[in-house]
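Thanks for coming. I have one structure to show today, and I will keep to what can be read from its coordinates.

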Amino acid sequence: MKDRALSELRTEYESQRALNRDEERRRLEQASALDPEIGRLTESRRRLFQDNAREAFANPTKARDISGSLADELQSIARNIRGRLIAAGLPEDYLQPVYRCPICRDFGYVGEPIHEMCDCMKRRVYAKLCHDPGLGIAAEENFGAWDAGVFDPAPLPEEPRGQRAYMIRARALCERFANSFPNNEKHNLLFTGASGLGKTYLLNCIAQRVLERGYTPWKLTAYELMGILRDSYFERGDPQRAQLVLDTQLLIIDDLGTEPIQENLTIPQLFHVFNERRNRRLSTIVSTNLAPTEIQARYTERLASRLLDQRTTIFLKFIGKDVRLNLSE
Ligand SMILES: [Zn+2]
């Protein structure tokens, strides 16, 4: 799955580089039409460069002197071009190389001799993976479509507000979180409360907003997550998916507590995920039907201390009546 996304992206980057060259040519033609001297200077700079490269190659001992005087000459041509561009009413950097990403110049990879994927490429890989069916981000569930009307406005027993007022506040908190991602004061969110109170919908809203903002969320159920971790433990399946669990900028785990617990596997693996992501300051959002005491009982004190850490986690308790029941009434 990741391989296909990668090869699609390599093709996309290649055509982006071709578009960049086209744009450079178009700009040069435009500038030369306004001031033909700009075209001549650009051409002489190119030739100067080429001839010197040839000479340096043929005579390496002289190469240093050449490069000194060449640099002066190139600089003076560049100054001349800049001045002419401004006089023609164009930006002075108009004929600089064109690219979308200044780090990899649209090659998608950085580093010599070791090639590493550029962040711009990583973001696109993840975005592609997240849009793949089965990766859980429902585009139609977003903050704009979120409807307070499905929640009961009547006051709740032993609560200062009704469910609707409560949910409006929850939505605002989630939207703030998604808008300031990844610079949140607290990196993690924990949704608790029974099924049918709108937790999953808000998770989707956050995922969608974060994705729109160019980051890489991945939402999956605890059941799916354990499947991936189990496969990786037994060295089957796609190892890149297990790596993505650790690498994705925002991991969203829905329905924690509904997955089966496998002895010596579930808890150490989950601990590894939460611990690793915490060390790398990557955000994790968890929704669960379990109360904090139940989390401790099910997942050990050690894992619970990661999940329930108030210094890094915002807690959001969902209360009230099952919205799905309301809808069918
Ligand atoms: Zn890049």
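First, the ground rules. This is a predicted model, in which local features need pLDDT of at least 70 and side-chain atom pairs count only at pLDDT 80 or more, while totals for chains, interfaces and linings use all residues. Residues are numbered from 1 along each chain as its sequence is written.

Domains next. The assignment for the protein chain gives domain 1 (2-117) and domain 2 (133-328); such bounds come from an automatic or database domain assignment. The C-alpha centres of domain 1 and domain 2 are 47 Å apart.

Now the sheet. Helices (H or I, at least four residues) and strands (E, at least two) are DSSP runs, numbered from the N terminus. Five strands make an open sheet, ordered S4-S5-S6-S3-S7, with parallel pairing. At its edges are S4 (217-221) and S7 (313-317), each of which pairs on one side only. Two strands count as paired if DSSP finds at least two bridges between them. On average, neighbouring strands here are turned by 15° against each other, direction ignored. Strand S3 (residues 188-192) pairs with S7 in the parallel sense over five bridges. Leu189, for instance, has Ile314 in S7 as its bridge partner.

On to the helix. H6 (residues 199-212) lies across S3, S4, S5 (250-256) and S6 (283-288), and runs at about 155° to S4. Axes are lines fitted to C-alpha atoms, for helices over the stretch in contact, and angles run from 0 to 180 degrees between N-to-C directions. H6 has 14 residues and reaches 20 Å from its first C-alpha to its last, close to the 20 Å expected at 1.5 Å a residue; the expected span is 1.5 Å times one less than the number of residues.

How many of the residues of H6 are buried? The count is 12 of the 14, so H6 is largely enclosed by the rest of the structure. Buried means 20 or more other C-beta atoms within 10 Å of the residue's own, with C-beta atoms placed from the backbone. Among the buried residues are Lys199, Cys205 and Arg209. Just after H6, Gly214 takes a positive phi of about 95°.

Last, Leu303, which sits in helix H10 (residues 292-307). Leu303 is buried, with 21 other C-beta atoms within 10 Å. Leaving out residues up to four places away in sequence, Leu303 touches Ile267, Leu270, Phe271 and Phe274, where contact means C-beta atoms, placed from the backbone, within 7 Å. The C-alpha atoms of Leu303 and His272 are separated by 9.2 Å, and the two residues are 31 apart along the chain.

How values were computed
Contact = placed C-beta atoms within 7 Å.
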